[in-house]
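Reader: Please show me the sequence and the structure, and then go through the fold with me in questions and answers.

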Amino acid sequence: FSTAAPTPTVPPVPVLVAPANGVKKQPASLQLQWAASAGATAYHVQLATDERFSSIVVDDSSLSGTTRTVNNLAGSTAYYWHVSASDSVGASGYSIPWTFTTVAAPVPTITPAVIPPSSGQPVTLSFSLPSSFHPTNATLYYRSGGARSYEQSSFALNGEQWQAAIPPALVNLRGIEYYIQVSDGNATVSY
């Protein structure tokens with residue numbers, strides 16, 4: 001009588017746990033979690049902005065645990081994620097993708113400086129952003145009241161404030177129109 005050793009197999013497909021499938025208003029940084037697969041020694045997580053995973057944001061196959069933190073996600077964006085498990089024999093297929101949507105990008109507080117037009121000084125605008133939003137650039141578009149086209153100036157980060165100035169030559173009694181575009185590299189928001 002002899003007993004044959006079981007044939008080694010790949011681990012089962014992981015079961016996703018959190019964030020729940022279809023959940024909305026998730027923060028820009030969160031933890032992906034899945035249940036352990038029997039016999040798995042490593043996991044491969046992919047996070048994408050499309051359900052076909054052609055626009056991958058995270059592609060991490062170095063995981064030995066059942067969580068992966070993702071940071072700096074774009075606001076108001078649908079994300080799709082799935083996980084596969086592997087051992088010395090090979091890798092499972094990917095789990096059925098789950099989706100979640102991030103909360104809208106934060107709106108900065110914009111505080112223009114009040115300088116009378118007759119002073120010959122530029123109008124300085126400054127704003128700050130919540131710590132959850134990490135802009136890579138900010139641009140001020142401005143025009144004198146009634147002008148057809150906008151001119152632009154880049155904001156500079158000064159401590160925790162983004163600041164830009166409108167030249168004094170454009171400050172007149174017809175007023176100034178302006179808007180601000182802020183980008184975090186993934187999304188651009190205008191205010």
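Author: An open sheet of 5 strands runs in the order β2-β8-β7-β4-β5, with mixed pairing; strands here are DSSP runs (E, at least two residues) numbered from the N terminus, and two strands pair if DSSP finds at least two bridges between them. The model is predicted, local features need pLDDT of at least 70, side-chain atom pairs count only at pLDDT 80 or more, and totals for chains, interfaces and linings use all residues. Residues are numbered from 1 along each chain as its sequence is written, and side-chain values use heavy atoms, with hydrogens and water left out.

Reader: Over how many bridges do β4 and β7 pair?

Author: Strands of a sheet pair through backbone hydrogen bonds, either parallel or antiparallel. In this pair, His44 has Ser84 of β7 as its bridge partner. The sense of β4 and β7 is antiparallel, and the number of bridges is 7.

Reader: Which residue in β5 stands opposite Ala48?

Author: β4 and β5 pair in the antiparallel sense over 5 bridges. Opposite Ala48, the residue in β5 is Ile56.

Reader: Which residue in β8 stands opposite Tyr80?

Author: β7 and β8 (residues 98-102) are antiparallel and share 4 bridges. In β8, the residue opposite Tyr80 is Thr99.

Reader: How many residues of β4 are buried?

Author: Buried means under 20% relative accessible area, exposed over 50%, and partly exposed in between (1.4 Å probe, protein chains only). Both faces of β4 are covered, with Ala42, His44, Gln46 and Ala48 buried on one side and Tyr43, Val45 and Leu47 buried on the other. The count for β4 is 7 of its 7 residues.

Reader: Why is the pair of Tyr141 and Tyr179 stacked?

Author: Rings of Phe, Tyr and Trp (its six-membered ring) pair if their centres lie within 6.5 Å; planes under 30 degrees apart count as stacked, over 60 as edge-to-face and the rest as tilted. The structure holds 5 such aromatic pairs. The centres of the Tyr141 and Tyr179 rings are 4.8 Å apart, and the pair is stacked because their planes lie at 10°.

Reader: How far apart in sequence are the parts that Tyr141 and Tyr179 tie together?

Author: Tyr141 is buried at 17% relative accessibility, while Tyr179 is partly exposed at 25%. Tyr141 lies in β11 (residues 137-144) and Tyr179 in β15 (residues 176-183), so the parts tied together are 38 residues apart.

Reader: Which residue forms a salt bridge with Arg143?

Author: A salt bridge is a side-chain nitrogen of Lys or Arg within 4 Å of a carboxyl oxygen of Asp or Glu, and the whole structure has 2 of them. One joins Asp60 and Arg68, with the closest N and O atoms 2.8 Å apart. Arg143 is buried, with a relative accessible area of 18%. At 2.8 Å between the closest N and O atoms, the partner of Arg143 is Glu177.

Reader: Which residues does the cis peptide bond join?

Author: Most residues other than glycine have a negative phi, and most peptide bonds are trans. Pro19 lies in the loop between β1 (16-18) and β2. With omega about 0°, the cis bond joins Ala18 and Pro19.
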